[in-house]
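Subject: Handing over the model

Hi,

Here is the model I promised to pass on to you.

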2 protein chains.
Amino acid sequence: MTSFVSTAIGNVMNGPVAWIAVDWGTSNLRAWAMAEEGRVIANAASEAGMERLSRDDFEPTLLSVVDGWLTSGRKTRIVACGMVGARQGWMEAAYASVPCTPVTQTIAPECRDPRLEVHILGGIRQLHPPDVMRGEETQIAGVLLHEPGFEGVICLPGTHTKWVEVAGGIITRFQTFMTGELFGLLSTQSVLRHSMPAGTGWDDEAFVAAVVESAMDTHALAARLFSVRAATLVADLTPAAAKARLSGLLIGAEIASTRSMWSRQRLLIAGNGRQANLYSEALSRLGGASSLIDASELTLAGLIAANVAFAKEAP
Amino acid sequence: MTSFVSTAIGNVMNGPVAWIAVDWGTSNLRAWAMAEEGRVIANAASEAGMERLSRDDFEPTLLSVVDGWLTSGRKTRIVACGMVGARQGWMEAAYASVPCTPVTQTIAPECRDPRLEVHILGGIRQLHPPDVMRGEETQIAGVLLHEPGFEGVICLPGTHTKWVEVAGGIITRFQTFMTGELFGLLSTQSVLRHSMPAGTGWDDEAFVAAVVESAMDTHALAARLFSVRAATLVADLTPAAAKARLSGLLIGAEIASTRSMWSRQRLLIAGNGRQANLYSEALSRLGGASSLIDASELTLAGLIAANVAFAKEAP
């Protein structure tokens with residue numbers, strides 16, 4: 001990925017802080033002290049995710065992370081995205097409905113500290129069929145900062161993998177799969193856990209075979225899932241093959257059912273490491289082509305894009 | 001269901017105990033003191049299921065339940081089925097491979113108490129595609145005791161729902177769906193739990209609509225599942241409708257993918273109460289006909305059938 005975001009330089013201050021970017025998710029938060037444009041001058045992280053906080057905790061939590069970057073006597077703009085804007089978060093930032101640009105509505109919670117000017121980006125919803133995202137839209141904005149003319153589909157693998165169609169800078173439709181959460185629950189909480197004890201390795205051949213099997217006939221997924229356990233008992237399936245097979249069955253079914261999205265247009269997989277590679281491998285086995293983009297800086301890039309929009313609006 | 005099993009009469013003894021039937025599953029055990037043939041003269045239950053016991057606990061646990069039914073100086077035959085015969089149980093009772101009769105192999109663990117003669121029924125396996133059952137084969141034997149000429153499919157709704165094809169007294173093939181376990185995990189452990197808090201009611205219209213939607217296109221189940229959460233957020237889906245929709249999506253996909261089994265032959269749903277009724281309702285919405293059989297006495301009936309076989313073999 002080209003360097004549209006300057007590399008973070010740890011926690012050492014390096015020039016005046018023009019604004020602050022915050023990615024505040026369910027389980028943690030990351031913050032960057034920014035010079036104007038996209039230069040990072042410091043960063044910080046905390047495990048004070050949305051799920052641990054009640055409404056009154058958000059401002060003190062934010063201050064505990066960014067206080068050293070604020071200047072007394074003037075407001076510093078803070079642009080935040082993610083579950084901080086959910087109904088259970090600091091303040092609900094409404095969903096915009098597709099078709100829409102990735103960064104649209106924002107909400108500004110009132111702060112007691114006069115140095116804070118907080119803007120929370122809203123999520124995006126789709127009414128038919130019902131779907132929602134909150135946080136991923138900022139990653140999409142990051143892709144578009146990188147490549148403003150992108151047209152095609154962006155796949156964001158994760159606990160809830162998103163497939164997002166983008167044309168002319170607009171998100172036109174999207175679909176969320178619970179594949180990651182299903183893998184987590186099934187591999188650790190269901191009867192299948194006996195086939196893949198903690199610490200189990202990985203069998204790539206079993207993954208590929210399961211992708212193809214599942215994609216050829218996405219019927220009876222709940223039966224194929226049980227076959228993972230049964231094959232351990234009657235066919236000596238190894239733990240590594242069982243784990244890879246479970247993953248392949250789920251990812252194969254997902255990729256087969258998104259074929260109409262990726263078969264006729266460009267596909268970008270925006271993810272990190274192992275999970276993005278599995279999606280890429282499964283796609284190529286099913287006849288799809290994709291390119292990979294490292295997702296680790298996409299959220300920051302999207303926050304930069306949002307800040308540019310704010311800067312234009314400001315008097 | 002006709003009374004091929006006499007009604008249990010509590011714990012009052014009523015005549016000599018000829019043999020003892022035991023249904024010993026993962027989470028509990030039930031035992032019946034039997035006169036010859038199918039007359040129950042006492043029963044008992046315990047929560048000492050297989051999962052709580054190590055190998056040496058099984059005999060003392062059994063004794064704690066049936067001791068009062070034994071006669072000193074002679075052996076009493078005990079016929080047991082279920083997870084007690086699994087690898088993690090008292091002693092592994094091997095799987096028979098389909099095609100086979102429901103009750104085939106047994107194993108006899110050695111007991112210290114000279115009054116015990118224990119026989120554990122084996123499970124049934126299928127090699128292609130891999131599948132296993134342990135306990136349900138005894139319920140199938142119970143159906144066949146009730147109707148020896150049954151030909152068709154028996155659906156046994158449960159945590160792991162089984163669809164079993166029977167012809168000429170033989171199990172020819174079967175398929176297990178994790179539908180019940182998926183519903184349990186998704187409704188209580190996944191992001192969907194927020195859409196259906198504990199104590200949520202039931203919306204039957206939402207169930208039926210989801211059955212039809214899911215069966216019309218079983219693709220993208222993992223995406224439809226997420227739509228339950230999304231519809232709560234963007235379309236005011238009620239908790240009762242969310243819960244019923246989750247159930248309908250899973251059961252609808254299952255019934256659609258077993259169509260080749262039930263569309264051309266008789267279908268019997270062997271279950272209890274609510275869950276069996278949901279399967280029956282979903283089937284009828286998808287154009288299937290089924291009859292219901294109360295499963296609560298089927299295991300005992302199957303154990304009676306097994307005991308008849310033992311009695312014939314005995315010198």
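Below is what I found in it, starting with conventions and overall build.

This is a predicted model, in which local features need pLDDT of at least 70, side-chain atom pairs count only at pLDDT 80 or more, and totals for chains, interfaces and linings use all residues. Residues are numbered from 1 along each chain as its sequence is written, while chains are lettered from A and ligands numbered from 1 in the order in which they are written.

Chain A has nine helices and 14 strands (DSSP runs numbered from the N terminus, with helices being H or I of at least four residues and strands E of at least two). Its radius of gyration is 21 Å, close to the 20 Å of the globule rule for 315 residues, so chain A is as compact as a globular protein of that length. That radius is taken over C-alpha atoms, and the rule is 2.2 Å times the number of residues to the power 0.38. Along the principal axes, the C-alpha atoms of chain A fill a box of roughly 70 × 40 × 35 Å.

In chain A, six strands make an open, mixed sheet ordered E3-E2-E1-E4-E7-E6, where pairing requires at least two DSSP bridges between two strands. E3 (40–46) and E6 (106–107) of chain A are the edge strands, each with a single partner, so one side of each has no neighbour in the sheet. Further in, E1(A) and E4(A) run parallel with five bridges, and Trp19(A) is opposite Arg77(A) in E4(A). E4(A) is also parallel to E7(A), again over five bridges, with Val79(A) opposite His119(A). E6(A), by contrast, runs antiparallel to E7(A) and is joined to it by two bridges; here Thr106(A) has Leu121(A) as its bridge partner.

Helix H1 (58–66) of chain A lies across E1, E2 and E3 of chain A, at about 50° to E2(A). Helix H9 (298–313) of chain A packs on the sheet too, touching E1, E2, E4 and E7 of chain A and making about 130° with E4(A). For these angles, axes are lines fitted to C-alpha atoms, for helices over the stretch in contact, and angles run from 0 to 180 degrees between N-to-C directions.

Where the chains meet, each of chain A and chain B supplies 37 residues (contact means C-beta atoms, placed from the backbone, within 7 Å). On the side of chain A, H5(A) gives the most, with eleven residues.

Within chain B, the axes of H5 (221–235) and H6 (239–257) come within 10 Å and cross at roughly 170°. H5(B) and H6(B) are therefore roughly antiparallel, the word used for angles over 145 degrees. Among the residues that meet there are Leu225(B) and Val228(B) from H5(B), and Leu246(B) and Leu249(B) from H6(B).

- Val98(A) and Pro99(A) are joined by a cis peptide bond, omega about -5°.
- His128(A) to Pro129(A) is a cis peptide bond, with omega near -10°.
- Asp236(A), not a glycine, has a positive phi of about 50°, and sits in the loop between H5 and H6 of chain A.

Best wishes

How values were computed:
Two residues are in contact if their C-beta atoms, placed from the backbone, lie within 7 Å. Angles under 35 degrees count as roughly parallel, over 145 as roughly antiparallel, 65 to 115 as roughly perpendicular and the rest as oblique.
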